[in-house]
Amino acid sequence: MSHAPEIDLSIHHPPHGASDRFALGVTRLLRFFADTFFAKRYGHRAIVLETAAAVPGMVGATLTHLRCLRQMKSDRGWIRILMEEAENERMHLMTFLEVCKPTLFERLIVLIVQWFFYLGFFALYLISPKTAHRLVGYFEEEAVISYTHYLAEIDAGRSANVPAPEIARRYWGLPDSATLRDVVLVVRADEAHHRDVNHAFAADLEGKTPGAVSPYPWHAAELDDPAR
């Protein structure tokens with residue numbers, strides 16, 4: 001595809017109850033630290049944050065898998081969705097690594113943050129899967145905002161609109177003429193989809209009706225060809 005699906009940039013789940021307020025509070029705290037450290041270095045922000053963004057899907061899929069085995073019941077398709085989310089976030093990382101390179105200090109941050117976040121999110125998912133999915137939903141709301149700001153920087157000429165990396169063109173099916181702006185558009189659409197899916201999962205676990213889900217940009221089903 002050569003353009004991103006239409007998405008609603010204004011979606012925000014208003015918090016209801018202590019669980020939602022906790023998830024939103026953690027999200028805003030982490031957003032403050034990210035804004036302070038990265039400012040408008042959106043390429044570097046994407047690299048570091050995507051290393052953490054790929055964690056929840058894998059944790060959720062693992063614990064859902066184990067729970068379904070213990071209870072001997074269907075996962076209702078959640079495992080595949082969460083694994084796909086984890087892989088998709090990893091592809092975001094691999095794409096932005098072609099755009100800019102992390103500093104040694106940023107690599108150190110990744111090592112520290114990933115383990116703290118993995119252990120913390122694992123514990124949260126064991127205690128309250130609903131809160132964990134709501135947290136990810138809020139994370140993805142912020143990701144949509146960040147990539148919207150990134151687009152504004154590109155459009156204003158403050159960030160170079162370089163050619164799209166080959167890995168991005170292949171993964172999202174972008175044309176050879178695609179640029180970084182096209183990549184950010186489809187990445188933002190990915191995040192909007194994850195936002196809605198995780199808010200929907202949280203609603204389902206709460207016994208409520210899930211809301212609508214933004215469309216997911218097409219991407220390759222397999223990228224394991226050794227020739228690539």
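R76 is exposed, with a relative accessible area of 54%. This residue belongs to a predicted model, and its place is in the loop between α3 and α4. Although R76 is not a glycine, its phi is positive, at about 60 degrees. Most residues other than glycine have a negative phi.

A second residue of this kind is M72, whose phi is near 55 degrees, again a positive value in a residue other than glycine. M72 is placed in the loop between α3 (55-71) and α4 (78-96). With a relative accessibility of 76%, M72 counts as exposed, because the cut-off for that class is over 50%. A positive phi also occurs just after α8, where G207 takes a value of about 85 degrees.

### The chain as a whole

The protein chain contains eight helices and zero strands. Read along the sequence, its pattern is α-α-α-α-α-α-α-α. The radius of gyration is 17 Å, close to the 17 Å that the globule rule gives for 228 residues, so the chain is as compact as a globular protein of that length. Taken along the principal axes, the box filled by the C-alpha atoms is roughly 50 × 40 × 35 Å.

How much of the chain is buried? Of its 228 residues, 48% count as buried. Among contacts with a separation of 6 or more, 75% are made by residues 24 or more positions apart. The chain carries 24 positive and 28 negative side chains, and the centres of these two sets lie 5 Å apart.

| Helix | Number of residues | Reach, first C-alpha to last | Expected at 1.5 Å a residue |
|---|---|---|---|
| α4 | 19 residues | 27 Å | 27 Å |

For α4, the reach is close to the expected value.

Is α8 enclosed by the rest of the structure or open to the outside? Of its 26 residues, 22 are buried, so α8 is largely enclosed by the rest of the structure.

Helix α4 also has buried residues, including W78, L82, E85, E87, E89, H92 and F96. Which helices do the buried residues of α4 pack against? Their partners are α2, α3, α5 (104-127), α6 (129-155), α7 (166-172) and α8.

G43 lies in helix α2, which covers residues 42-53. At 9% relative accessibility, G43 counts as buried, because the cut-off for that class is under 20%. Leaving aside residues up to four places away in sequence, G43 touches C100 and Y150. From C-alpha to C-alpha, G43 and Y150 are 8.3 Å apart in space, while 107 residues separate them in sequence.

### Summary

The predicted model shows a chain of eight helices and zero strands. Its helix α8 is largely enclosed, with 22 of 26 residues buried. In the loop between α3 and α4, M72 counts as exposed, and R76 in that loop is exposed as well.

Conventions:
Residues numbered from 1 in each chain as written. Predicted model: local features only at pLDDT ≥ 70, side-chain atom pairs only at ≥ 80, totals over all residues. Heavy atoms only, no water. Helix = DSSP H or I, 4+ residues; strand = E, 2+ residues; numbered from the N terminus. Rg over C-alpha atoms; globule rule 2.2 N^0.38 Å. Buried < 20%, exposed > 50% of the residue type's maximum accessible area, 1.4 Å probe, protein only. Contact = heavy atoms within 4.5 Å. Lys, Arg positive; Asp, Glu negative; His and termini not counted. Charge placed at Lys NZ, Arg CZ, Asp CG, Glu CD. Expected span 1.5 Å × (residues − 1).
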